[in-house]
Amino acid sequence: MSTLDTQLNAALNQALDGVTYDALRARVSAVSARYRAEQVDDTTLGMADDLDCLAYAVFRMPATYAAIRSALLAADAHVGAFATHLDLGGGTGSAAWAAAGLWPGISTEIVERQPSAIRLGRRLSATLANSNHRWISADLRHWTSQRRVDLISIAYVLNELSDATRHRLITTAAESADTVVVVEPGTPRGFHRILETRRHLMEHDLTIAAPCPHQHLCPLTTPDWCHFAVRLPRTELHRLTKHGTRNYEDEKFTYLVATRAPIRPARSRIITRPAHPKGQVLLDVCGSTGTRERLVVGRSAEEYRAARGASWGDVWPPLTQ
C-alpha cells in the first residue's frame with residue numbers, strides 16, 4: 001500500500017468519528033444497489049445526507065481512486081505531466097487525490113453539485129499535505145467552462161447523466177482542455193458509453209492516446225468489451241462494511257485518454273489477462289492497425305522475460321524510456 005493510499009484510508013477512518021458500523025452498513029447496502037444498477041437519473045441527488053455520502057466514500061472511494069489513478073498513469077505515460085486539472089462530478093475527491101499523487105503541486109478544481117460530497121471532500125482533502133484542491137458547487141446539467149485547463153477528468157459520472165447532458169458535457173470538455181480522461185465502470189454498459197465518448201472526442205479533433213493504440217473502430221464485438229482491473233488492498237473498515245473476508249478486491253473499469261498534445265504511441269495493448277502455458281506466454285492484444293491479435297511468446301524469444309512480467313492493460317512491447 002502506498003503512502004497516499006494509507007493517507008486516504010486514515011482520512012476515511014477519521015471522518016467516521018462517532019458513526020457506528022451498523023448505521024454505516026445500512027447505508028452502504030443502499031449505495032451498493034444504486035451503483036450496481038448504473039441507473040440514469042440526473043434530476044435528483046444520489047446521496048440524501050452526510051451519512052449517505054460517508055457510506056459512499058467508505059464503500060467506493062478506495063476503488064474509484066485506484067481505477068482513476070490507473071487511467072491517469074496512462075495519461076502520464078502517453079501524454080505527460082499536467083499542471084492544471086478540472087474534475088467534473090468529482091464527488092468526494094477521488095480524482096483529485098489520484099492527480100496529487102502523480103503530479104505534486106497540480107492545481108485541481110472539483111465541480112460537484114451535492115453539498116454533502118463537497119463537505120466531506122473538503123474534510124478529507126484537509127488531511128492531505130500540500131493539497132491544492134478547490135470545490136466548485138455546480139450542476140453538470142448546466143455547467144459551462146470558465147477557463148481552459150491542461151486536463152479534465154470525468155470519472156464514474158456519465159452513467160448518471162441523460163444522453164443530452166452527456167453529449168453537451170463531453171463537447172464542453174473537448175473545447176476546454178488539452179487532454180480529457182474518462183473512467184467508467186468496467187461493464188458492457190460502461191464500455192458502450194466509452195465508445196460513444198471516444199467517437200465524440202475524435203469528432204472534436206482529439207487523438208486517442210490510451211488505452212487504444214489506434215484511431216480506428218474498436219475490434220471488439222459483443223459479447224466482448226474492453227475493460228481492465230486494478231487490485232487494491234482492503235482495510236479492516238473496508239472488509240467490515242462490505243461483509244468481505246478477502247484482504248483485497250479487484251476493481252474493474254474502462255477508460256479513455258484523448259488529447260490534442262503530442263503522444264507517445266503504443267504498438268499494442270494487452271486486453272485480457274496473459275496466459276502462461278508451459279514455456280510460453282499468450283498475449284491477447286489490440287494493435288496499432290485496429291485489429292485484435294493473439295501473440296505467442298516462447299521461452300527462446302528475446303522478449304520472453306518481459307512477457308512473463310506483463311499484465312492485463314499493459315502496453316506491449318513496453319514503452320522505452
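**Threonine 165 and beyond**

Author: Let's start with threonine 165, which is buried, its relative accessible area being 9%. Keep in mind that this is a predicted model.

Reader: Which helix holds threonine 165, and what does its side chain make a polar contact with?
Author: Threonine 165 belongs to helix H6, residues 163-176. Its side chain has a polar contact at 3.0 Å. The partner is the side chain of serine 162.

Reader: Tyrosine 156 has a positive phi; where does it lie, and is it buried or exposed?
Author: The phi of tyrosine 156 is near 55°. Most residues other than glycine have a negative phi. Tyrosine 156 sits in the loop between strand E4 (149-155) and H6. Its relative accessibility is 8%, below the 20% cut-off, so tyrosine 156 counts as buried.

Reader: And aspartate 205, also with a positive phi: buried or exposed?
Author: Phi is about 70° for aspartate 205, although it is not a glycine. You'll find aspartate 205 in the loop between helix H7 (188-203) and E6. With a relative accessible area of 64%, over the 50% cut-off, aspartate 205 is therefore exposed.

Reader: How many residues of helix H4 are buried, and which are they?
Author: H4 covers residues 94-102 and is mostly covered, with seven of its nine residues buried. The buried ones are Ser94, Ala95, Ala96, Trp97, Ala98, Ala99 and Leu102.

Reader: Is valine 58 buried or exposed, and how far apart in space are valine 58 and histidine 276?
Author: Valine 58 is part of helix H3, residues 50-78. Its relative accessibility is 2%, under the 20% cut-off, so valine 58 is buried. Along the sequence, valine 58 and histidine 276 are 218 residues apart. From C-alpha to C-alpha, the distance between valine 58 and histidine 276 is 36 Å.

Reader: Zooming out, what is the radius of gyration of the protein chain, and why call the chain as compact as a globular protein of that length?
Author: The protein chain has nine helices and twelve strands. For 321 residues the globule rule gives 20 Å, and the chain comes close to that, so it is as compact as a globular protein of that length; its radius of gyration is 20 Å.

Reader: What share of the protein chain is buried, and what share of the contacts joins residues at least 24 apart?
Author: The C-alpha trace spans about 60 × 45 × 40 Å along its principal axes. Buried residues account for 51% of the 321 residues. Among contacts between residues at least 6 apart in sequence, the share that joins residues at least 24 apart is 73%.

Key
Residues numbered from 1 in each chain as written. Predicted model: local features only at pLDDT ≥ 70, side-chain atom pairs only at ≥ 80, totals over all residues. Heavy atoms only, no water. Helix = DSSP H or I, 4+ residues; strand = E, 2+ residues; numbered from the N terminus. Rg over C-alpha atoms; globule rule 2.2 N^0.38 Å. Buried < 20%, exposed > 50% of the residue type's maximum accessible area, 1.4 Å probe, protein only. Contact = heavy atoms within 4.5 Å. Polar contact = N/O pair within 3.5 Å; in protein donor to acceptor, adjacent residues only side chain to side chain.
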